[in-house]
Structures are given as structure tokens and as C-alpha cells.
Amino acid sequence: MQRFVSFRLAAAGGGVLALLLVLGAFAPSSHAQQSRDTTQITFDEAVRTALDQNTNVKRAQAQARQSNVEVRAEWMDFAPDLSLSTDLSRRVGRNFSQVTGSFTTQSTDRFGLTGRSSVTLFNGFENVSSLQQAQQQATADKTNLKRTRREVAFTVMDQFISLVESREIVRVRREQVQAQRKRLRQIREFVDAGSRPKSDEFTAEADLAEAEQQLLQAKREREVAKTQLIQTLQLNPRQAYDFQVPDLEEATLGAAQYDLSALINEAFRKRLDLKVAQAERRAAQQGIRSAKASYYPSLSISGRYGTDWSSRGRLPDPDGQGFISPGFTEQLDNNRGGGISLSLNIPIFNRLQRSTQVEQAQVRAQNAKYQLQDKRQQVALQVRQSYLDYKNAVQQLEAANKRLRAAKRARTAAQERYQLGSADIVELQNAIRDYVDAASQQVRARYQLILQQKRIDYNVGRLSPSEPLLGQPATQ
């Protein structure tokens, strides 16, 4: 009987050991059969969807279009304007006729047609400065659109990595539940055989309940990560989605050598938000020139040409028989006329509005300068922090790998000691718990290293939505 119990004990222990050894593989888990109404989305599709649907990108696009419209409007300030006006009126009651030179009470109909045009010859180069300011602002908004697209692409990548990490944690927790269930069955056999006390069974049941609770929490974290992706992609929350896990190659985990000073210099050259701040500062400087233009005189030229018709229009009769009334077309032809004028406006005093506008423009330019300085400092600190985080992530992964190997050996030893009866349930429980926790931390450390590598590329300005950001989708 003792040999039979020992054989059962060894077989059960070997089964638990074989099952728990699966935790060290960390191979990508296969997806369950998807329902027909589930939409499958790969990483590249998610990036494209975000660039098409994300509201931040749409707002940046609208701002860029508005800037282009303003540039076109500033260009039109150099062109002459042209207007055509017409009026049709009837006068009743007593009025004076310039034709007859007397007062009458006859109703008078009148029709007039006039064309006008004017062009600014000089306005203190205000139109030139305004055009350059609009062009610089358009450049800033266009660059900001590129920066927003990169930011959204990186956000999708960040959230995808978080989703992959949460799925791996769910897999670890699920395998922990399976192992705890198998261990509970094994301990019940020991209790039934009388080789273990009843309290070991109660402890195993509590461990299984804790593992199931941790699995539920891991599933919730996975759904939170998926919800964040749905929010970024602006997808319909009513539908079901399956985000395909990209193949994060092991080569990605290789420790890279970075030089902090070189990274900061590269960020100063490539970061689009720095280019946006530089363009906005140049636009603000042009705003000062535009405001100072109000101190100079302005010169414009205008022209007018038109004709009219009146129901009381009369001309002297060539035969000396009084007056004749020409027809509509004839009056329009006879009454043609126009003129050209040159207008000079010299500002003298406008209640200090000009100086106020200049001072406001100078303040805006000074603020733009400070914003550029702050942005350079912010970029340098972001690069520095990502560099330090990457070094820490490398050390964290190394420590997590060592801990996982040690926890694996401790778990195996505790399992063997428990089988031989030299270890109690608490020792085995702690060893298994430490191993599962070490496996979870190793998963997090692995994906944190991948994320920190990408974060360095993002903070330096290397990432581009048009280039691959992660590996190819894993085969299902």
C-alpha cells in the first residue's frame, strides 16, 4: 500500500511539474475561435485607422487647412479689388431737375451702373509681413499635423504593447489556476490516503480561489487595455474586436548602446514639436513687423467708370426745337464716364492704438521665444528620462530572468520535498506563488524593455507612421 501511494504521489508530482514548466516558455498564445461578428484588427490596420479616425489628427488637419486659407487670403491683399454696383430708384414728390433747371412734382425713375477697382501701392510693408507671418504659421501647423500623426501612432504602439503584456499575464494566471487545480486534486488524494492533514486541502482550496481572483483581475486589465485602444482608434464600442498580436522578435530585446549627448542632439534636429515652436516664433517676429507698418503712410490708387439712365433725361434738339428724350440705350451710351484717383493716408494720432498693437506683438514674440526655450528643455529632459528608463529596463529584465530561474529551481525543490514529506504545504505554497509572481514580473520586464526602446526612438524623433513600428503579426 505504501509503494502504491508513493507511485501515485510521484506520478501526480511529475504531472504538476510538467504543467508548471510550461510557464517558462512564454510562447504567444493562440486565439480562440472568433465569432462571425468579431472584427479582427492587426497592428498596421490599427495605426491606419487611428490616423484616419483619431480626433486629434482631425483637429490638426482642420488647423492646417485653415492656415492654408489664411495664406491665400494674405496673397490676395496684393491683388486689386473689383466691384460692380447697380441701383434702380424712383423719386416722387417735389424735386429739382438738373435737366430743366426747375422744380417739378413728376415722378422720376433712375438706373445706374458703376464699376470700381482699387489697389494698395504701399502700406508700410504690412501686407508683406502679414503674408510671411501666415506662411510661417502654416508651416507650424503643417509640422504640427505630422507631429500629431507620430504621436497617435506611438500611442497605438504603446497601447498594443500594453495589450500584449496583459494577454501574457492572463496566460500566466490561467496556467497558475490550472496548476492549482491539479495540485488540489493531488492533495485530496494525499488526504484521502491519510498522508496529509485535512488543513492542507483547505490551504490548497484557498490558493485556488486566490489564483482564480488574480486571473479575473488580469482579464480586467486586458479589457482595460483593449478599451483604451478602442478609444484611440475611435471605434464603435458596441462591436467586438480582436486585436492581432504582432510578433515581437527576440532580437528586439537585445541591449543597445546609446549615448545620451548624441541622442539629445539628434532630438534637437528631428523633433517636430521643436520645429513647430521655431516656426511659431518666426511667425510672431513677423507679427512685430506687421504691427509697426501702421506707423508708415499708405498709398493706394482707385478707379471708377459707370453710366446711368433717367426717365426725365433730355437733350437739346439739334434743330433748335426745344428738347428731345433719348432712349434707354442711347442714354447709357451718352452718360458714360469715370475717373481715377490717388489716395495718400498719413497717420498722425490714433489714440495710441499703434503703439499698443506693437507692444502686444512684441509680447507675443517674447512668449514664443520662451516657449521655444521651454520646449528645448522639455525635449532634452524627455530624452534623458527615456535613456535612464531604458537602462533601468535592461537591468530589470536581467534581474527578472535571474529571479525566474531561481524561483523555478526553488519550486522544483519544494515540490520534491513535499512529495517526500519533508516539506509542508506552506513551503510548497510559497514556492509556487513566488514562481508565478516571478513569471509575471519577467513578462512585464520583457515588454517594458521593448517599450523603452521604442520610447527612445519616439522622443528622439525617429519614429514615423509610414515605417514599420513593430514586428509582423504572429502566425495563428
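**Salt bridges, cores and a helix crossing**

R188 is partly exposed, its relative accessible area being 34% (buried means under 20%, exposed over 50%, partly exposed in between, with a 1.4 Å probe and protein chains only). The structure is a predicted model, in which local features need pLDDT of at least 70 and side-chain atom pairs count only at pLDDT 80 or more, while totals for chains, interfaces and linings use all residues. Residues are numbered from 1 along each chain as its sequence is written, and side-chain values use heavy atoms, with hydrogens and water left out.

The side chain of R188 joins that of E205 in a salt bridge, at 3.1 Å from N to O (a side-chain nitrogen of Lys or Arg within 4 Å of a carboxyl oxygen of Asp or Glu). R188 belongs to helix α4 and E205 to helix α5, so this pair ties together parts 17 residues apart in sequence (helices are DSSP runs of H or I with at least four residues, strands are runs of E with at least two, and both are numbered from the N terminus). E205 is also partly exposed, at 31% relative accessibility.

A second salt bridge connects E212 and R181, with 3.3 Å between the closest N and O atoms. Here, too, distant parts of the chain are linked: E212 sits in helix α5 (residues 198-233) and R181 in helix α4 (residues 126-193), 31 residues apart. E212 is partly exposed, at 30% relative accessibility, and R181 is partly exposed at 40%.

Over the whole structure, the search finds 25 salt bridges.

Next come the nonpolar cores. The largest of them has 56 residues, and V156, F160, L233, L235 and F243 have the most contacts inside it (a core is a set of buried Ala, Val, Leu, Ile, Met, Phe, Trp, Tyr and Cys residues joined through side-chain atoms within 4.5 Å). Elements giving two or more residues to this core include α2 (43-53), α3 (55-76) and α9 (353-420). Helix α4 gives the most, with 18 residues. Leaving aside residues up to four places away in sequence, V156 touches F43, A46, V47, A50, L229, T232 and L233 (contact means heavy atoms within 4.5 Å). Another core, of 20 residues, lies apart from the largest one, and L372, V383, A445 and L449 are among its members.

Helices α6 (residues 260-270) and α10 (residues 425-460) have axes that come within 8 Å and cross at roughly 50 degrees. The two helices are therefore oblique to each other. On the α6 side, L263, E266, A267 and K270 make the contact, while α10 brings I456, N459 and V460. Axes are lines fitted to C-alpha atoms, for helices over the stretch in contact, with angles from 0 to 180 degrees between N-to-C directions; under 35 degrees counts as roughly parallel, over 145 as roughly antiparallel, 65 to 115 as roughly perpendicular and the rest as oblique.

Finally, the backbone deserves a look. Most residues other than glycine have a negative phi. F125, which is not a glycine, has a positive phi of about 65 degrees and is placed in the loop between β5 (108-122) and α4. Q234, also not a glycine, has a positive phi of about 55 degrees. Its place is the loop between α5 and β6 (240-243), and Q234 is partly exposed at 34%.
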